[in-house]
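Subject: Structure for your attention

Dear colleague,

Please find below the structure that I am handing over to you. My notes on what was found in it follow.

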Amino acid sequence: GVSHWRFDMKRFLRSLIAVVIGYALMGGIITLVQETWFGGVGWRETPFGELSIAGFFTCVGSAIGAVVATAIAANGRIPALIMSGLVVVETTWLVTSGRADGPLWFDVLAASSLIVAILAGTELFLWWRRRNGGKFRS
């Protein structure tokens, strides 16, 4: 049979831009939360309560980045999947390079929570868009 798939450069570039903007926004919010609000967050030096609050807002930042990426992109969940893959790559690099100071289970849990937040933010936006007919209302 004939494949109906065709490469759409405009859609590809729009998705690429969406991922770059969403991931950069996510990183910016995470940096704001962990470095500015909490003065640096780490497994060894941060009390559990502060670590929990920082973790929550870190996840919120991830969800916001995913919402923005999904809103910009023209292909649903693809940006969230790419962003999640980037979290895996970045976490692997941080752990293997010795830049992550916590135990492995902590870094895996942190990365997993970011991925869940990315997926949740994407689904929330897609639900909202379906509910509102794809239009922004003021």
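This is a predicted model: local features need pLDDT of at least 70, side-chain atom pairs count only at pLDDT 80 or more; totals for chains, interfaces and linings use all residues.

Two residues are said to be in contact when they have heavy atoms within 4.5 Å. Among the contacts in the protein chain with a separation of 6 or more, 75% are between residues 24 or more positions apart.

Residues are numbered from 1 along each chain as its sequence is written, and side-chain values use heavy atoms, with hydrogens and water left out.

**Overall architecture**

The protein chain has 4 helices and 0 strands, where helices (H or I, at least four residues) and strands (E, at least two) are DSSP runs numbered from the N terminus. The C-alpha trace spans about 55 × 40 × 20 Å along its principal axes. Of the 138 residues, 31% are buried; buried means under 20% relative accessible area, exposed over 50%, and partly exposed in between (1.4 Å probe, protein chains only).

A salt bridge is a side-chain nitrogen of Lys or Arg within 4 Å of a carboxyl oxygen of Asp or Glu. By this rule the count is 1. The partners are Arg 77 and Glu 123, whose closest N and O atoms are 2.5 Å apart. The pair links distant parts of the chain, 46 residues apart: Arg 77 lies in the loop between helix H2 (48–72) and helix H3 (78–96), and Glu 123 in helix H4 (residues 104–131). Arg 77 has a relative accessible area of 43% and is therefore partly exposed. Glu 123 is also partly exposed, at 33%.

**A buried threonine**

Is Thr 70 buried or exposed? Thr 70 counts as buried because its relative accessibility is 0%. This residue belongs to helix H2. Beyond its neighbours within four places in sequence, Thr 70 is in contact with Gly 76, Thr 122, Phe 125, Leu 126 and Arg 129.

**Leu 13**

Leu 13 is a residue of helix H1 (residues 9–37). With a relative accessible area of 40%, Leu 13 is partly exposed.

Yours sincerely,

A colleague
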